[in-house]
Amino acid sequence: MSTAPSAAAVVEPKRQRGRLRVAAILQAAAELFAERGFDAATMTDIAARSGTAIGSLYRFFPNKDALAQALLTRYRDGLDGALAEIEQRAGELLPAAIADALLDSMLALMPDRNAAVILLETNSGVGDQRLAIRDMLLRRIAAILTAARMSPAGLSAVAMVVLQILKMAAPLASAQPGEPAGKAEVQALAELRVVLRLYLSARLSGDPR
């Protein structure tokens with residue numbers, strides 16, 4: 001996979017119909033990248049799955065790299081927006097509710113995350129994207145904890161632990177991309193939710209253990 005093209009290469013649709021078409025293209029690309037990997041998924045495949053004429057696909061995204069970058073941007077912006085919304089409510093939520101909101105926001109974006117992981121692992125030109133997403137997540141989680149009135153002492157370390165717990169949800173959410181989770185995975189995900197609730201309850205109550 002080559003380095004990322006400039007953002008100017010992507011056509012931003014001005015009409016609702018165009019925006020819906022781009023959303024369908026991105027959804028199809030996310031599914032195919034997660035299922036087959038970046039190299040195996042073709043623009044023809046993406047056009048077919050999204051129900052888009054190949055000429056229209058290239059009009060919005062001149063190459064597969066531009067499409068990959070758009071997916072990474074959508075994933076990062078989706079996370080950023082979801083966590084910002086939790087931050088606004090954090091001062092009124094119990095620790096268990098904050099834990100649920102964090103985990104649910106990650107699970108809601110799982111299709112984009114599956115594709116993003118593939119892209120970040122296979123594209124040597126997106127190292128900055130990987131770091132930018134991680135830094136954004138840590139910053140947003142720390143802001144949520146601060147809004148929930150956590151002491152600044154140890155804030156960064158707690159944010160890192162929360163992020164690691166959230167990352168553990170990904171392999172439990174589905175056995176394979178596009179397939180439903182099995183019974184064991186569903187139960188393990190429920191246990192992970194309990195772990196995050198208990199951890200945040202302890203830290204937000206000032207428990208040093």
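**Entry 1: the overall layout.** My tally for the chain is ten helices and zero strands. A reminder to myself: this is a predicted model.

**Entry 2: burial and contacts across the chain.** I looked up how much of the chain is tucked away, and 41% of its 209 residues count as buried. Then I turned to contacts between residues at least 6 apart in sequence, and found that 71% of them join residues at least 24 apart.

**Entry 3: a helix pair.** How do α8 and α10 pack? I noted an angle of about 170° between helix α8 (residues 155-167) and helix α10 (residues 183-204), with the axes 10 Å apart. Angles over 145 degrees count as roughly antiparallel, so α8 is roughly antiparallel to α10.

Next I listed who meets whom. From α8 I have V158, V161, V162, I165 and L166. On the α10 side, they meet L192, V195, L196, Y199, L200 and R203.

**Entry 4: the aromatic pair.** How many aromatic pairs does the structure hold? I found one. The ring centres of F33 and F38 are 5.3 Å apart and the planes lie at 40°, so I put the pair down as tilted.

I checked burial for both partners. F33 has 0% relative accessibility and therefore counts as buried. F38, at 6%, counts as buried too.

**Entry 5: charges over rings.** K64 lies over the face of F38, at 4.4 Å from the ring centre. I also wrote down R59, which lies over the face of F60, at 4.5 Å from the ring centre.

**Entry 6: one aspartate.** Is D100 buried or exposed? I located D100 in helix α5, which covers residues 95-108. Its relative accessibility is 18%, and buried means under 20%, so D100 counts as buried. Leaving out residues up to four places away in sequence, I found that D100 touches R193 and R197. Both numbers fall within the 183-204 range I had noted for helix α10.

Note on methods: Residues are numbered from 1 along each chain as its sequence is written. This is a predicted model: local features need pLDDT of at least 70, side-chain atom pairs count only at pLDDT 80 or more; totals for chains, interfaces and linings use all residues. Side-chain values use heavy atoms; hydrogens and water are left out. Helices (H or I, at least four residues) and strands (E, at least two) are DSSP runs, numbered from the N terminus. Buried means under 20% relative accessible area, exposed over 50%, partly exposed in between (1.4 Å probe, protein chains only). Contact means heavy atoms within 4.5 Å. Axes are lines fitted to C-alpha atoms, for helices over the stretch in contact, and angles run from 0 to 180 degrees between N-to-C directions. Angles under 35 degrees count as roughly parallel, over 145 as roughly antiparallel, 65 to 115 as roughly perpendicular and the rest as oblique. Rings of Phe, Tyr and Trp (its six-membered ring) pair if their centres lie within 6.5 Å; planes under 30 degrees apart count as stacked, over 60 as edge-to-face and the rest as tilted. A charge sits over a ring if NZ of Lys or CZ of Arg is within 6 Å of the ring centre and within 35 degrees of the ring normal.
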